[in-house]
Amino acid sequence: MSDTARENILRKLAAAHRPAQIPETGALPIAALCQAEKIEQLKHFMEAVRGEVHVVKKEGWIARLQDLLRPRALKTLLYGPATPLGKALAAGWPPEDPGLPRLVPYAAPVEDFKSELFQLDAGITGTLGAIAENGALILWPTPEEPRLISLVPPIHIALVDARDIYCNFADALTAGTWKANMPTNALLISGPSKTADIELTLAFGVHGPREVLVLVLEA
C-alpha cells in the first residue's frame, strides 16, 4: 500500500469518527405486586416451562411433599442434613414407609459419594427466594447444601418462603444487600433443564433435572 493510499484511509477514518452517544436510560420501571400477585406470576412463568409449583402452609409442607412424592414411587431423596430444611425434613420423615423415598444425607466428600450420587432419584434444597418477573428461583449453594443436590438427581425439589418472592432481580439484590455480600455462586433456575442446541428443537432434562417441583410456603 502506498503512503498516499494509507493517508487517504486514515483521513477517512478520522473524519468518520464520532464520539459515542450513550443515552441515559434511568431505572427500569418496577411493577409493585402484592404477595399473592407475586406468587401467581411466579407460578405462571414456571409452569409455562414445565415447572410444578404448589402453594402450601408452612407448618404442613412435609406432609404435602409426601403426598406429591407417593405417586412418583421414588426410592431416594438427597438432602443437606445440617441445614434447617434438612433437620426439619429428617425430624418429620417416617423412618420406614415403603411409599416414600429413603432420605439420603449429603454428608461425605463428593469423591467418596460420586457412585451413589448419580443413582439418586431426587434432591431437595432451600432457596434464597424467587423472582416473579420471569419466574426464577434463586439458589445460593453452600458447603452444607452444595450445588450438586439441585443439579444431579433427575428431580429437583425446592422450597421458597412466600415472603422471599421479589418482583424482580433488582429487588432481590437490594433486599439481600448483595452489594456488600456477594456470593461465590448464585443460581437462577426457571424450570427443568432445557436446551435447543440442535436444530432449535427444545429438549428437557438433557443436562440436569427433568423435573422441578416447587413448594411455596405461606404463613
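This is a predicted model: local features need pLDDT of at least 70, side-chain atom pairs count only at pLDDT 80 or more; totals for chains, interfaces and linings use all residues.
## Overall form

The protein has seven helices and twelve strands. Its radius of gyration is 23 Å, whereas a compact globule of 219 residues would come near 17 Å. Along the principal axes, the C-alpha atoms fill a box of roughly 90 × 45 × 35 Å.

## Surface and charge

Buried residues account for 38% of the 219 residues. The protein exposes about 13,000 Å². Carbon and sulfur atoms supply 57% of that area.

There are 21 positive and 25 negative side chains. The centres of these two sets lie 4 Å apart.

## The aromatic cluster

The model holds three aromatic pairs. One of them joins Trp140 and Trp178.

Trp140 sits in the loop between strand S6 (136–139) and helix H6 (147–151). Trp178 sits in the loop between helix H7 (169–175) and strand S9 (187–189). The pair therefore ties together parts that are 38 residues apart in sequence. Trp140 is partly exposed, at 22% relative accessible area. Trp178 is buried, at 7%. Ring pairs also bring in Phe169, so that Trp140, Phe169 and Trp178 are linked into a cluster.

Ala172 is buried, with 3% relative accessibility. Thr174 is exposed, with a relative accessible area of 60%. The cut-offs are under 20% for buried and over 50% for exposed.

Leaving aside neighbours within four places in sequence, Ala172 is in contact with Ile138, Tyr166 and Trp178. Trp178 is also one of the residues in the aromatic cluster. Other parts of the chain lie at a distance. For Thr174 and Asp67, 107 residues apart along the chain, the C-alpha separation is 36 Å.

Phe204 lies in strand S11, which spans residues 203–204. Its relative accessible area is 23%, so Phe204 counts as partly exposed.

Which residues does Phe204 touch, leaving aside its neighbours within four places in sequence? They are Val49, Arg50, Pro192, Ser193 and Lys194. Pro192 is twelve residues from Phe204 in sequence, and their C-alpha atoms are 6.5 Å apart.

Most residues other than glycine have a negative phi. Arg50 has a positive phi of about 70 degrees, although it is not a glycine. Arg50 is found in the loop between helix H2 (35–48) and strand S1 (52–57). At 57% relative accessibility, Arg50 is exposed. Arg50 is also one of the residues in contact with Phe204.

Ala73 is another case. Its phi is positive, at about 55 degrees, and Ala73 is not a glycine either. Ala73 belongs to the loop between helix H3 (61–69) and strand S2 (76–79). Ala73 is exposed, with 58% relative accessible area.

## Glu96

Where is Glu96 found? Glu96 is in the loop between helix H4 (84–92) and strand S3 (102–105). At 75% relative accessibility, Glu96 counts as exposed. Glu96 and Ala73 are 23 residues apart along the chain, and their C-alpha atoms are separated by 14 Å.

Technical notes. Residues are numbered from 1 along each chain as its sequence is written. Side-chain values use heavy atoms; hydrogens and water are left out. Helices (H or I, at least four residues) and strands (E, at least two) are DSSP runs, numbered from the N terminus. The radius of gyration is taken over C-alpha atoms; the globule rule is 2.2 Å times the number of residues to the power 0.38. Buried means under 20% relative accessible area, exposed over 50%, partly exposed in between (1.4 Å probe, protein chains only). Accessible areas come from the Shrake-Rupley method with a 1.4 Å probe; for residues, only the protein chains shown count as cover. Lys and Arg count as positive and Asp and Glu as negative; His and the chain ends are not counted. The place of a charge is taken as NZ of Lys, CZ of Arg, CG of Asp or CD of Glu. Rings of Phe, Tyr and Trp (its six-membered ring) pair if their centres lie within 6.5 Å; planes under 30 degrees apart count as stacked, over 60 as edge-to-face and the rest as tilted. Contact means heavy atoms within 4.5 Å.
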